[in-house]
Amino acid sequence: MFKTAAQVLGIVALAALATPVLGEDDFPLVGTYTENQACKGEASDANVSRVTITPRDIDSVFGLCTILNKKRDGSTFAVHVECKGPGGSQMLGDINFTLREDKTIDFSDQDKTYKAVLYKCPE
């Protein structure tokens with residue numbers, strides 16, 4: 001019994017060590033943003049669309065999206081998501097985020113039918 005438990009714990013420990021952990025430096029998109037307008041961090045932003053990005057989710061006016069996979073290529077992040085839209089509809093999609101020199105982020109969906117510039121809000 002103890003030998004089996006020790007083996008299971010050993011396997012779990014090895015799996016945890018082998019799993020890559022993305023820190024904020026590896027996924028620097030974490031934060032709250034306004035869309036297509038500089039974030040003032042005040043009540044004047046009340047009518048501006050907001051996007052909140054965590055290491056696991058993206059929450060926007062389009063719904064809550066769970067990040068299934070992310071790949072970085074230089075300043076561009078290709079993110080595969082599963083989104084829950086209005087009425088509980090679910091869809092899979094790919095979106096791209098590109099970090100710009102001015103600290104804004106270019107956002108586009110996989111078909112480039114929707115594009116936006118995200119401005120980070122002060123924390």
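Lys 70 lies over the face of Phe 27, at 4.2 Å from the ring centre. A charge sits over a ring if NZ of Lys or CZ of Arg is within 6 Å of the ring centre and within 35 degrees of the ring normal. This is a predicted model: local features need pLDDT of at least 70, side-chain atom pairs count only at pLDDT 80 or more, and totals for chains, interfaces and linings use all residues. Residues are numbered from 1 along each chain as its sequence is written, and side-chain values use heavy atoms, without hydrogens and water.

**Exercise 1.** Classify the ring pair of Phe 27 and Phe 77.

*Solution.* 
- Start with the cut-offs: rings of Phe, Tyr and Trp (its six-membered ring) pair if their centres lie within 6.5 Å; planes under 30 degrees apart count as stacked, over 60 as edge-to-face, the rest as tilted.
- Here the centres are 5.5 Å apart and the planes stand at 85 degrees, so the pair is edge-to-face.
- Phe 27 is in the loop between α1 (2–18) and β1, and Phe 77 is in strand β5, 50 residues apart. Helices (H or I, at least four residues) and strands (E, at least two) are DSSP runs, numbered from the N terminus.
- Both Phe 27 and Phe 77 are buried. Buried means under 20% relative accessible area, exposed over 50%, partly exposed in between (1.4 Å probe, protein chains only).

**Exercise 2.** Which residues other than glycine have a positive phi?

*Solution.* 
- Most residues other than glycine have a negative phi.
- Asn 36 has a positive phi of about 60 degrees. Asn 36 is in the loop between β1 (31–35) and β2 (50–53), and is partly exposed at 46% relative accessible area.
- Lys 103 has a positive phi of about 75 degrees. Lys 103 is in the loop between β6 (90–99) and β7 (105–109), and is exposed at 70%.
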